[in-house]
Amino acid sequence: MWKVAMSEEVGKAIQSVVERVNQAAARRPKTLPAVTPRLVAVSKTKPPEMVIEAYRQGQRNFGENYVNELVDKASDPLILESCPDIKWHFIGHLQKNNVNKLLGVPNLFLIETVDSVKLAEKVNSSWQRLRGESMQRLNVMVQINTSGEKSKHGLPPEETVNTVKHIVSQCSALHFSGLMTIGRYGYNLSLGPNPDFEMLLSRRQEVCDSLQLPVEEVELSMGMSTDFEHAIEVGSTNVRVGSIIFGNREYPNSSSQIKNSVFQCTVFVVQMK
C-alpha cells in the first residue's frame, strides 16, 4: 500500500510541477531566450525508491546537496538498474577534498556550484585524470552570491567575468554551462522582481558581452520550491525543486527525535536524583 500511495503522490506532484514550469515559461517576455526550463528534482534525504518513482514518471534530472549522499544514491543498485538515463546535478557546497569522490559518481551531469578559480582548477585536473582518453567535458556552473549573505556560498558578483573567463580559457576539461544562485530566502514578490535573480541576469549579460558568448547558451540556475515560477518568468532555465515533489525532508535530527531525546535525558536526570 505504501508503494502505491507513494507512486500516486510522486506522480501527481511531478505532473503538477511540470505543468507549472510550462505555464511560467509561457509567461516570459519575448525578449528572453526561448529556452525550455529544466526541472531538477532535489531528492535530498529521500530514499532511492522515490527517485525511481519520479524517474518512471518521466523525470530525468535529479539534484543532491551532499557528496556522500549523492555517491551512495547514484551507486545504489536499484537506481543503476532502473534509471539508466538519469542525470545527477550536484547543487551543494563543494570542498576541494571531496572533488575526486564526487567525480566518481555514475551519470554525473552537472556541478552547479563552482565558486572559485582554485576549485575550478581542481575539478578540471581531476576530471582530466579520470576521463583518460575520453573527450567528454564535464558541465559546470559558476555559483554567485547575489545576496551578499555570509551564510551563502558563491563568488562575489564582481568576480564573475574573470572566473568564467578562466574556466573557458584555462580549464579544457570543463564545459561552462551557466551561472547559479540561491538568493535570499523569503523575498516578498509584492516589492517587485527578485533583485538576486535580476543580478544574475545582469552578470550573464556581462559574461556574454565580455566573452562573446550567445546569451541562449549560458544557462541560469535560479529558483526553488517557493519561487521557481517567478524565477522562470524572469529568465531561469534551470530550477531546483524538492519538497513540493517529494514532501518535507526528513533529517536524522528531526524535531520529534530531539524532543524524544530531551524527554529521555529528563527521565535519566530524575532517576539520578
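Colleague: What share of the contacts between residues at least 6 apart in sequence joins residues at least 24 apart?

Modeller: In this predicted model, the share is 64%. A contact means heavy atoms within 4.5 Å. Residues are numbered from 1 along each chain as its sequence is written, and side-chain values use heavy atoms, with hydrogens and water left out. As the model is predicted, local features need pLDDT of at least 70 and side-chain atom pairs count only at pLDDT 80 or more, while totals for chains, interfaces and linings use all residues.

Colleague: What pLDDT does the protein average, and where is the value below 50?

Modeller: The average is 89, and 88% of the residues score at least 70. Residues 254-273 fall below 50, and beyond near neighbours in sequence that stretch has three contacts in the model. The pLDDT is the predictor's confidence in each residue, from 0 to 100. Where it is low, the predicted coordinates should not be read in detail.

Colleague: How many helices and strands are there, and what makes a run count as one?

Modeller: There are eleven helices and eight strands. Helices are DSSP runs of H or I with at least four residues, strands are runs of E with at least two, and both are numbered from the N terminus.

Colleague: Why is strand β1 called largely enclosed?

Modeller: Five of its five residues are buried, so the rest of the structure largely encloses β1. Buried means under 20% relative accessible area, exposed means over 50%, and partly exposed is in between (1.4 Å probe, protein chains only). Across the 273 residues of the protein, 46% count as buried.

Colleague: What makes you say that both faces of β1 are covered?

Modeller: In a regular strand the side chains alternate between the two faces of the sheet. Arg38, Val40 and Val42 are buried on one side of β1, and Leu39 and Ala41 are buried on the other.

Colleague: Which strands pair with β1, and in what sense?

Modeller: Strand β8 (residues 238-241) pairs with β1 in the parallel sense over four bridges. Ala41 stands opposite Val241 there. Strand β2 also pairs with β1 in the parallel sense, over two bridges, and in β2 the partner of Ala41 is Phe62. Pairing requires at least two bridges found by DSSP, so both cases qualify. The chain runs from β1 through α2 to β2, a β-α-β crossover that is right-handed. That word applies if, with the strands pointing away from the viewer, the path from the first strand over the helix to the second runs clockwise.

Colleague: Why is the pair Arg38 and Glu219 called a salt bridge?

Modeller: The term needs a side-chain nitrogen of Lys or Arg within 4 Å of a carboxyl oxygen of Asp or Glu. The closest N and O atoms of Arg38 and Glu219 are 2.8 Å apart, so the pair qualifies. Arg38 lies in β1 and Glu219 in strand β7 (residues 219-221), so the bridge ties together parts 181 residues apart in sequence. Arg38 is buried at 18%, as is Glu219 at 17%.

Colleague: What does the salt bridge of Glu233 and Arg27 tie together?

Modeller: Their closest N and O atoms are 2.7 Å apart. Glu233 is in helix α9 (residues 228-234) and Arg27 is in the loop between α1 (2-26) and β1 (38-42), so the pair ties together parts 206 residues apart in sequence. Glu233 counts as partly exposed at 25%, and Arg27 counts as partly exposed at 45%. The structure holds nine salt bridges.

Colleague: Where do Glu53 and Arg56 lie, and how far apart are their closest N and O atoms?

Modeller: Both are in helix α2 (residues 48-56), three residues apart, about one turn of the helix. The closest N and O atoms are 3.7 Å apart. Glu53 is buried at 7%, whereas Arg56 counts as exposed at 60%. Elsewhere, salt bridges that share partners join Glu64, Glu69 and Lys73 into one network.

Colleague: Which residues of helix α3 are buried, and how do you know that they are on the same side?

Modeller: In α3 (residues 67-74) they are Val67, Leu70, Lys73 and Ala74. They cover an arc of only 135° around the axis, which puts them on the same side of α3. The arc is taken from the directions from the helix axis to the C-beta atoms. What covers them includes α2, β2 (61-64), α4 (77-82), β3 (87-90) and α5 (99-103).
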